[in-house]
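Dear colleague,

Please read them alongside the coordinates.

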Amino acid sequence: MFTEENRNSQISQNSENSFSPDNELEVSKIVKKLYQENLSVEIIGSGSKRRIGKKLKCKKILDLSKLSGVIEYLPEELYIKVKACTPIAEIEALLKKHNQELAFEPLDLGYMFYGKSNKGTASGHVSCNFSGSRRFKVGSIRDHVIGFRAVNGTGDIIKSGGNVVKNVTGYDLCKLICGSFGTLVALTELTFKVLPSKENSNTLVIHELSTKDATAMLNKVASSSSDTSGAVFLPLEPKNGNYEQNIESLFKLNDLQYKGPFTAIRLEGSKTSIQERLANLKKELDLDGKEISNLDTYQSTLFWEKIKNLEFFNNSKNAVLRAVIPPSSCVKLINFLDNKYKYFVDWGGSLVWFEVNDLSNSSLQPIRQFILELNGYLTVIKHPDDQRSLEEVFTVAPDRLDISNNIKKSFDPKKIFNPGKMY
Amino acid sequence: MTQLVMPKIDKKILSNKETIVKKLKEITNSNNVLSHESELIPYETDALTAYKQIPLVVALPETTHEVSEILKYCNNEKIKIVPRGAGTGLSGGALPLEDSIVLNLGKFNKILEVDFGNRCVVVQPGVTNLAITKAVQHKGFYFAPDPSSQIISSIGGNVAENSGGVHSLKYGTTTNNILGVEVVLMDGTICRFGGKTYDSEGYDLLGLISGSEGLLGVITEITVEIKKNPQTVKAALIGFPTIEDGGNCVSSIIAGGIVAAGMEMMDKVLIEATDNFSKAGYPRDAQALLIVELDGTKSDVDELINKVSEIAKKNNATSLKISNNEEERLKFWAGRKAAFPACAAMSPDYYCMDGTIPRGRLAEVLKEINRLSKKYDLPVANAFHAGDGNLHPIIMYDANKEKSLEKAEEFGADILKYCVKVGGVLTGEHGVGVEKRELMCEMFNDNDIQQQLRIKKALDYNSLLNPGKVYPILKKCVEEGRARVHRGE
């Protein structure tokens, strides 16, 4: 006889080494078994971000992709609750119908890794905590996760947070799981804060500024009262065979002809508001004598899609790195990278993405050292396939290592989740 | 005063007071160690004055090194520590234990660096919230979180409690507006979480320490993010014939895609109390009053004010005033900001609650609060951060009447349980402290609490930092045998 109990006692297994549970209870049972048997496990959703970090050598795979679907969406309460591996594209499409969005602009790393779109799942984004160009205005993913359910490393089902934004009941574990790369828990449910999407978008492009002027301008933009929501700088690409020259073809729009390095600033809102802020911003930035272009909503949306999709590094054969720095140090980092590497600046000068064609321990070390001296940090996002085990992927300050290890143990005492991925 | 079960007192520590004082005086200036009863009385409570306990000693260290030495010593000797900022917390988070040292961070009162280039300010924890804005306002910047205590509450306390304020709907709470902290762990380890960058790599320990109510570490330095002032700010003051209409208006504003800088609602009791107190010009015939604040560029604000006015009319608004200048806008707020003194003028004592609910359940929750008010025979006034669903019922009682406080507390607990029942949470911004400790089981089961206790243990192995706070002691939801929380041990 088929009963709920019978059904729950079976564990879905793709193969001897790969589990694909249908529900949270099954995840819990599988993890309890793995815990008892001391077996390490790689947790995957759609696998879109599997190539980030060191290559894992786990005994088992926990494929959570069946935990998919919207559980509850209340537009007027500004939240959406989903099963952890719901495709981000599905969430975005549903929100769009109600003129809402995930304001942190989930990145599409598919272009960089595979040359085509692959946005991955909700839990993949949460596990990485990489946020889009609005970071300096709206915060990052960690500021938009308001609740979760998960299974910890002993197989217990745990939860934290709730459906409301203002909540200080107990420790804020939502923050802790963001950017933990699946090393603390197997996520089963996520609740995101959502926000109204903007009716219009407009992009002001300023051509051919020197790197020094461009970074100064980005900083001014992020400190402006004109309520900007994106500020990037795209420099000249290194003119050598190591890097693909795609900037000109990529950013070719009716009102944007590539002439050399450019700075792009986004304004979003109603048409009248954008016009008012644009006029104000031009005054603030003192653009007299500078060559500028202006992208309307259609072109502006396309432009920022390309930035969000990291199409600049489309299917690159090289390593791709991500440096986060205090914005006032941006110019120093750019001077360090200029002409050697292909890069672009995002987050109004706080984030630099760059491509390195000769990544090895010896080439990475001085770059990381330089960024550390700027009080920033560096992450290797994409390794060329043959080098995945070579490098230290993350930058974690030594004084935090012990603490992080203790935190890891408090969730996953036998270190069975994604061992070696981060800690 | 109601009986509160606290962790077991270590008699050995009490009898060792002289040695402890001597050791503390070796670590910090001897004037920074208070041990006579008359010196200790000011530290016996925080802003939850129903609970009082004189600590063993109060220490006021002046440097991070001193904090570290004190904690290291206490960790070795198993002496409990209660960190304290300005003592304005409303949930008893800084309530001392008889055998504890209160670690007052009041001497950490300097602004260390104003860094406009990186849009941040580096401060010591004893600096007041408002002092940060004052330090940067000449260049048009401000620090966004604005708890009503901002004139006196310290930023260290704001981080420990993850304080919010009226503008958190649009600008977030403290955790969303800080970049880094320097923390001393109970074993004396000094470490930095975050810095001047966004989203530091590795586990988000900055996010974990925010709102941890002094249980995980002592914060000795904070880097806060500052924002540029909006160009224009205007407010609308809207009266409604029923709470339902007010609640529906809030939902329609949000459904209309408008993210207001602040949306505050008051019920009739509070409208009259605050208007008597501050002469704010509130519509006294209204059952519910809504203040909607909008910011941005001039055209933005004008457009949004028009939209809000339309929505208000559709939801049966009986009065609608728009601020024409800054003076008027501040007058609109004057009543709301005087909510506590206005209640104090009506009743000898009041008890402010702090639950968060889904906005759409407001009318239902207020109805239940009014029912409970009759049941307990205690008047209640309601202030509500309507934008983010954070409800502050203010229960009025007279502590001199027998069992009055107990009744107020039971009333409060019933309100919070109802908040959880409708899908909300126990506390939006005041913290759990000792006040809501035993209610944690309404929201969390044994697994959830065990996980949190394991995190506590990971950073404070001997459970010496602020014991007796946040997690239940009476074991209502903690399974026998697994818990290490019996009477706080």
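Which residues touch the most other members of the largest nonpolar core? In this core of 199 residues they are A:Ile177, A:Ala186, B:Val224, B:Leu290, B:Val292, B:Ile394 and B:Ile395, where a nonpolar core is a set of buried Ala, Val, Leu, Ile, Met, Phe, Trp, Tyr and Cys residues joined through C-beta atoms within 7 Å, and buried means that 20 or more other C-beta atoms, placed from the backbone, lie within 10 Å of the residue's own. Apart from this core lies another, of 71 residues, among them A:Leu234, A:Tyr343, A:Phe344 and A:Val380.

The model is predicted, with local features needing pLDDT of at least 70 and side-chain atom pairs counting only at pLDDT 80 or more, while totals for chains, interfaces and linings use all residues. Residues are numbered from 1 along each chain as its sequence is written, and chains are lettered from A and ligands numbered from 1 in the order in which they are written.

Chain A averages a pLDDT (the predictor's confidence in each residue, from 0 to 100) of 92, and 96% of its residues score at least 70.

An automatic or database assignment divides chain A into domain 1 (1-197 + 395-423) and domain 2 (198-392), whose centres, taken over C-alpha atoms, are 29 Å apart. Their contact (C-beta atoms, placed from the backbone, within 7 Å) takes 21 residues from domain 1 of chain A and 29 residues from domain 2 of chain A.

Best regards

Methods
A residue is buried if 20 or more other C-beta atoms lie within 10 Å of its own, exposed if 12 or fewer, and partly exposed in between; C-beta atoms are placed from the backbone. Two residues are in contact if their C-beta atoms, placed from the backbone, lie within 7 Å.
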